[in-house]
Amino acid sequence: MNIRAVAVDEATRLQAIIDDCLHLEGPMLPILHRVQEEFGYVPESAKQVIALALNVSRAEVHGVVSFYPDFRDHPAGRHVLKLCRAEACQSMGCEPLAETIKEKLGVDWHQTAADGSVTLEPVFCLGLCAQAPALMLDGEVHARVDEHCLGDILAEVRR
């Protein structure tokens, strides 16, 4: 498949998402969520297409993407690991866990491991304050995370 065919395929998929959501009230967020679900991130090239469809500026679309922390403007790894850094998790030891994760994966916040296996992102509350520290791996939450279960989680992301 050549590069032009890939671009046409991506444009077709993007237009299908827009067409599917355009009838909704306030369609920008649903469109962006679907684009990220489809592509793994919101490509720069999609921002102008979305802006034209919604009759807003590209800057407005970019502003929404950059404002909400769940939207990415670059591809993520095969897995996304989000570690809660809110106060309850901090009080229960998330910072030492964060350092262990970063060291073992060889990444910092918002980075993807060299092998593409995992992207590490901070979050500021997963709603599990009574079960801190907490993390989310590919949408699945893990509570009361300690060094023991962290080893199992990190082994899973390396597969």
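Which residue does the side chain of Asp20 meet in a salt bridge? The partner is Arg34, and the N to O distance is 2.6 Å. A salt bridge here is a side-chain nitrogen of Lys or Arg within 4 Å of a carboxyl oxygen of Asp or Glu. Asp20 lies in helix H1 and Arg34 in helix H2, so the pair ties together parts that are 14 residues apart in sequence. Asp20 has a relative accessible area of 41% and is partly exposed; Arg34, at 31%, is partly exposed as well. Buried means under 20% relative accessible area, exposed means over 50%, and partly exposed lies in between, with a 1.4 Å probe and protein chains only.

This is a predicted model, in which local features need pLDDT of at least 70 and side-chain atom pairs count only at pLDDT 80 or more, while totals for chains, interfaces and linings use all residues. Residues are numbered from 1 along each chain as its sequence is written, and side-chain values use heavy atoms, with hydrogens and water left out.

The secondary structure of the protein chain comes to seven helices and five strands. Helices (H or I, at least four residues) and strands (E, at least two) are DSSP runs, numbered from the N terminus. Along the sequence the pattern reads α-α-α-α-β-α-α-β-β-β-β-α. Taken along the principal axes, the C-alpha atoms fill a box of roughly 50 × 35 × 20 Å. Of the 159 residues, 40% count as buried. One of the residues that are buried is Val42, with a relative accessible area of 0%. Val42 sits in the loop between H2 and H3. Its C-alpha atom is separated by 27 Å from that of Ile153, and the two residues are 111 residues apart along the chain.

Side chains of opposite charge can pair when their charged atoms come close. Under the salt-bridge rule, the count comes to eleven. Another of these pairs is Arg13 with Glu38, at 2.7 Å from N to O. Arg13 is in helix H1 (residues 3–21) and Glu38 in helix H2, 25 residues apart, and the pair links distant parts of the chain. Arg13 is partly exposed at 26% relative accessible area, and Glu38 is partly exposed at 40%.

A further salt bridge joins Glu44 and Lys47, whose closest N and O atoms are 3.1 Å apart. Both residues lie in helix H3 (residues 44–54), three residues apart, about one turn of the helix. Glu44 counts as partly exposed at 44% relative accessibility, whereas Lys47 is buried at 0%. Salt bridges that share partners also join Asp9, Arg13 and Glu38 into one network.

The surface also carries a nonpolar patch. Leu29, Phe67 and Tyr68 form this patch, with about 300 Å² of accessible area together. Patches are made of residues with over 30% relative accessible area and no salt bridge; like charges are joined within 9 Å, and nonpolar side chains (Val, Leu, Ile, Met, Phe, Trp, Tyr) within 5 Å. Accessible areas come from the Shrake-Rupley method with a 1.4 Å probe, and for residues only the protein chains shown count as cover. Leu29 lies in helix H2 and is partly exposed, with a relative accessible area of 33%.

Pockets come next. A pocket is an open set of points on a 1 Å grid over the protein atoms alone, where a 1.4 Å probe fits, with protein on both sides within 12 Å along at least five of seven lines; lining residues have an atom within 4 Å of a point. The largest pocket has a volume of about 200 Å³, a volume being the space filled by probe spheres set on the points. Its lining has 14 residues, of which Tyr68, Pro69, Phe71, Arg72 and His110 lie nearest the centre. Helix H4 (58–67) and strand S3 (118–123) are the elements that give two or more residues to this lining. The largest share, three residues, comes from S3.

The second largest pocket has a volume of about 170 Å³. Its lining includes His33, Gln36, Phe71, Arg72 and Met136. The elements that give two or more residues to it are helix H2 (28–39) and strand S1 (79–84), and H2 gives the largest share, three residues.
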